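Subject: Structure handover

Hi,

Here is the structure I promised to pass on. Please open it first, then read my notes alongside it.

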Amino acid sequence: MRLGETIRFFLKILMRELWLDSGLKFVDERIYVTAMKVVGKIGEERDAVVEATRDLLMFLEKELVGKDFFGGRSLGFVDIVATLVAFWLMRTEEIVGVKV
């Protein structure tokens, strides 16, 4: 492997790891935390939390346009975590009675 190819290879790995880390943080720290704030809220407070959660989910959905998975062509950690968060969002919708 030539030096240029080696550098490109390591940059690709670095970029994937940075995206993976930021993708997981986004799902865990932004979407999940925001969505769970709906518990115990009523009226306009709850509506504001639901709207914020929808905005975050729409942003995440835009990242999937043209891709099968968040990482591209293969299932990765972000996909697994996002699936688990989606599952718990559905359960929370049933318990709280709010459609996100």
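Below are my notes on the fold, the surface patch, the pocket and the salt bridges.

**Overall fold**

Please keep in mind that this is a predicted model. The protein has three helices and zero strands. Read from the N terminus, the order of elements is α-α-α. The protein has 100 residues, and 24% of them are buried.

**Nonpolar surface patch**

Which residues make the nonpolar surface patch? They are Y32, V33, L75, F77, I80, L84, F87, W88 and M90, and the patch covers about 900 Å². Two elements give two or more residues to this patch: helix 1 (3-36) and helix 3 (77-96). Helix 3 gives the most, with six residues.

**Largest pocket**

Next, the pocket. The largest one has a volume of about 200 Å³. It is lined by 13 residues, and those closest to its centre are L57, L60, F70, A82 and A86. Helix 1, helix 2 (43-63) and helix 3 each give two or more residues to the lining. Which helix provides the largest share of that lining? Helix 3 does, with six residues.

What classes of residue line the pocket? Ten are nonpolar, one is polar and two are charged.

With a relative accessibility of 28%, L57 is partly exposed. L57 and I31 are 26 residues apart in sequence. In space, their C-alpha atoms are 7.1 Å apart.

**Salt bridges**

Side chains of opposite charge can pair when their charged atoms come close. How many salt bridges are there in the model? The count comes to two.

One joins the side chains of R54 and E51, at 3.8 Å from N to O. Both residues lie in helix 2. They are three residues apart, about one turn of the helix. How accessible are the two partners? R54 has a relative accessible area of 33% and is partly exposed. E51 is partly exposed too, at 39%.

The other joins the side chains of R91 and E94, at 2.9 Å from N to O. Here both residues lie in helix 3, again three residues apart, about one turn of the helix. E94 is exposed, because its 57% is over the 50% cut-off.

**Where to look**

Finish with the two salt bridges: R54 with E51, and R91 with E94.

Best wishes

Terms used: Residues numbered from 1 in each chain as written. Predicted model: local features only at pLDDT ≥ 70, side-chain atom pairs only at ≥ 80, totals over all residues. Heavy atoms only, no water. Patch = residues over 30% accessible without salt bridge, like charges linked within 9 Å, V, L, I, M, F, W, Y side chains within 5 Å. Areas by Shrake-Rupley, 256 points an atom, 1.4 Å probe, with all protein chains shown as cover. Salt bridge = Lys/Arg side-chain N within 4 Å of Asp/Glu carboxyl O. Helix = DSSP H or I, 4+ residues; strand = E, 2+ residues; numbered from the N terminus. 1 Å grid on protein atoms, 1.4 Å probe; cavity = no way out; pocket = protein on both sides within 12 Å on 5 of 7 lines; lining within 4 Å. Points joined across faces, edges and corners; volume = space filled by probe spheres on them. Nonpolar A, V, L, I, M, F, W, Y, C, P; charged D, E, K, R; others polar. Buried < 20%, exposed > 50% of the residue type's maximum accessible area, 1.4 Å probe, protein only.
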